[in-house]
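Here is a short briefing on one structure. It covers strand pairing, a helix pair and the surroundings of the ligand.

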Amino acid sequence: MEIRLRHTGRLDGVALEQLVAAEGAIYSDCGWRRWELPIFAEYGRNIVFEVDGVLAGSAQLIRAWDQPSLVYLAGFGLLPERQKQGLGTRCLALLIAQMKEQGAGSIELTAAPDNTAAVKIYSDAGFRVMARHDAKYGPGEDRLIMRLNLEEPTS
Ligand SMILES: CC(C)(COP(=O)(O)OP(=O)(O)OC[C@H]1O[C@@H](n2cnc3c(N)ncnc32)[C@H](O)[C@@H]1OP(=O)(O)O)[C@@H](O)C(=O)NCCC(=O)NCCS
């Protein structure tokens, strides 16, 4: 199985439709829409995960305005049929390695406390919970703020 991470750059109409459909399949009504994905693709990073050349998921990233070495992982998901096979763990490891290569000092993200799979793969990758923001995205939408420091010496 060959896993490839690809920064899409500017999306043409077909690629945009495919990714919007993937967002709907992964997150139902909470995924990125046609208005948002091009912003990541052109001004941040819109990365697709391809398994043997076929789209399996994607990630969206930006750099923080006040702290350019901080990368914010705004989205990370796999198509439902690709979940629970160890692929999230592998794609996250590849993504972290790529961000490190590109000079990121740390990566931050938010995760719903009850998103067991997400919290597990992030924790296993070394992300630590920095805070919990209640109602971050509205009533009942609490989020953990998790951060991975890439500058910590590895022993
Ligand atoms: C979160 C996500 C990326 C994890 O990827 P994945 O490929 O399904 O996860 P993996 O197969 O690598 O599993 C990693 C671990 O989590 C566990 N896990 C996976 N799905 C789980 C679930 N639904 N409930 C509990 N544990 C789960 C696995 O058992 C595994 O643990 P192990 O290493 O002890 O065996 C994927 O489920 C996904 O795309 N979810 C929808 C989008 C989303 O929620 N993204 C995160 C937003 S913050």
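**Strand pairing**

Strands β1 (residues 3-7) and β2 (residues 45-51) run antiparallel and are joined by five bridges. The model is predicted. The points below go through the strands, then the helices, then the ligand shell.

- H7 has I47 in β2 as its bridge partner.
- β2 also pairs with strand β3 (residues 54-63): seven bridges join them, and the two run antiparallel.
- V51 stands opposite V54 in β3.
- A hairpin is formed by β2 and β3, with two residues between them. D52 lies in the turn and has a positive phi of about 50°.
- In a regular strand, side chains alternate between the two faces of the sheet.

**Helix pair α3 and α4**

- The axes of α3 and α4 come within 10 Å of each other and cross at roughly 45°. The two helices are therefore oblique to each other.
- The crossing of α3 past α4 is right-handed.
- On the α3 side, G88, T89 and L92 make the contact; on the α4 side, A117, I121 and D124 do. By class, this contact of α3 with α4 has three nonpolar, two polar and one charged residues.

**Ligand shell**

- Around the ligand are 18 residues, of which G77, Q83, G88, T89 and A117 come nearest.
- β4 (70-78), α3 (87-101) and α4 (116-124) each supply at least two residues of the shell.
- Which element gives the most to the shell? α4 does, with five residues.
- The shell divides into eight nonpolar, eight polar and two charged residues.
- G88, T89 and A117 are among the nearest residues to the ligand, and they also take part in the contact between α3 and α4.

Terms used:
Residues are numbered from 1 along each chain as its sequence is written. This is a predicted model: local features need pLDDT of at least 70, side-chain atom pairs count only at pLDDT 80 or more; totals for chains, interfaces and linings use all residues. A residue is near a molecule or strand if its C-beta atom, placed from the backbone, lies within 6 Å of it. Helices (H or I, at least four residues) and strands (E, at least two) are DSSP runs, numbered from the N terminus. Ala, Val, Leu, Ile, Met, Phe, Trp, Tyr, Cys and Pro count as nonpolar, Asp, Glu, Lys and Arg as charged, and the others, Gly among them, as polar. Axes are lines fitted to C-alpha atoms, for helices over the stretch in contact, and angles run from 0 to 180 degrees between N-to-C directions. Angles under 35 degrees count as roughly parallel, over 145 as roughly antiparallel, 65 to 115 as roughly perpendicular and the rest as oblique. A crossing is left-handed if the near helix is turned anticlockwise from the far one by less than a right angle, and right-handed if clockwise. Two residues are in contact if their C-beta atoms, placed from the backbone, lie within 7 Å. Two strands pair if DSSP finds at least two bridges between them.
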